[in-house]
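Biologist: I would like to learn how to read the packing of helices and cores. Could you take me through it slowly, with the general idea before each case?

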Amino acid sequence: MYDYIKGIVTRVTPEYITLEQGGIGWQIMTPNPYAFHQTEDLQQIFTYLHVREDMQWLLGFKSLEQRELFKKLITVSGIGPKGALAILASGIPSQVIGAIEREDEAFLVKFPGVGKKTARQMILDLKGKLHDLFTEIDMPDTESTLLSMAENDSLEEAVLALQALGYSQRELTKVRSDMQKEELDTEGYMKLALSLLLKQK
């Protein structure tokens, strides 16, 4: 099966992108289609083919790390491909893994479609089984650093709220480092992010 496809993104929709390669337009579902841009430049997309009796989905990811975590997530009872995509659209692999490893249900339930039961199942099924991803996503070695990766709940809530308003993960990544320098509540982080995003336009 294909590991990745290099091509030109010719279409971006809320659910998928179209990647043209060799005269073929591949319809690829991704966690955040708006992380891709229609340009004449070649883009590399890591792929995964999900097959059901009634359909086949070609899924694509900007990084190998995203794809490998996706494959782990869909092994959890209660999480299908769309649910795994929604989780990846709302967070980065290191955040998700960090929350699972420290059994942080409160953080996991912030992801779309993840309730307390699913969060607990994620921990039961995946805790201690993600070490093979650590090297690939450059996870920290110390527990204290791991705990700090997603401990700022107000910041994470602000990011999720801004994504719900339509801002892409790519846009928010650009301002995240400036947001992390401050200690604010959720509303404060949102106001700061909005002001930073407006300056970039």
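Modeller: Let us start with a contact between two helices, where contact means heavy atoms within 4.5 Å: Glu65, Gln66 and Leu69 in H1 meet Pro93, Val96 and Ile97 in H3. By class, this contact of H1 with H3 has four nonpolar, one polar and one charged residues. Here Ala, Val, Leu, Ile, Met, Phe, Trp, Tyr, Cys and Pro count as nonpolar, Asp, Glu, Lys and Arg as charged, and the others, Gly among them, as polar. This is a predicted model, in which local features need pLDDT of at least 70 and side-chain atom pairs count only at pLDDT 80 or more, while totals for chains, interfaces and linings use all residues. Residues are numbered from 1 along each chain as its sequence is written, and side-chain values use heavy atoms, with hydrogens and water left out.

Biologist: What are the labels, and at what angle do the axes of H1 and H3 cross?

Modeller: Helices (H or I, at least four residues) and strands (E, at least two) are DSSP runs, numbered from the N terminus. Axes are lines fitted to C-alpha atoms, for helices over the stretch in contact, and angles run from 0 to 180 degrees between N-to-C directions. The axes of H1 and H3 come within 10 Å and cross at roughly 35°.

Biologist: How do the axes of helix H1 and helix H2 cross?

Modeller: The axes of H1 (residues 64–73) and H2 (residues 81–90) come within 9 Å, crossing at roughly 135°. That makes H1 oblique to H2, since angles under 35 degrees count as roughly parallel, over 145 as roughly antiparallel, 65 to 115 as roughly perpendicular and the rest as oblique. On the H1 side the contact is made by Gln66, Leu69, Phe70 and Leu73, and on the H2 side by Pro81, Ala84, Leu85, Ile87 and Leu88. These residues divide into eight nonpolar, one polar and no charged.

Biologist: Which residues touch the most other members of the largest nonpolar core?

Modeller: A nonpolar core is a set of buried Ala, Val, Leu, Ile, Met, Phe, Trp, Tyr and Cys residues joined through side-chain atoms within 4.5 Å. Of the 28 residues in the largest one, they are Phe70, Leu73, Ile87, Leu108 and Met122.

Biologist: Is Thr118 buried or exposed?

Modeller: Buried means under 20% relative accessible area, exposed over 50%, partly exposed in between (1.4 Å probe, protein chains only). Thr118, in helix H5 (residues 116–126), counts as buried at 15% relative accessibility.
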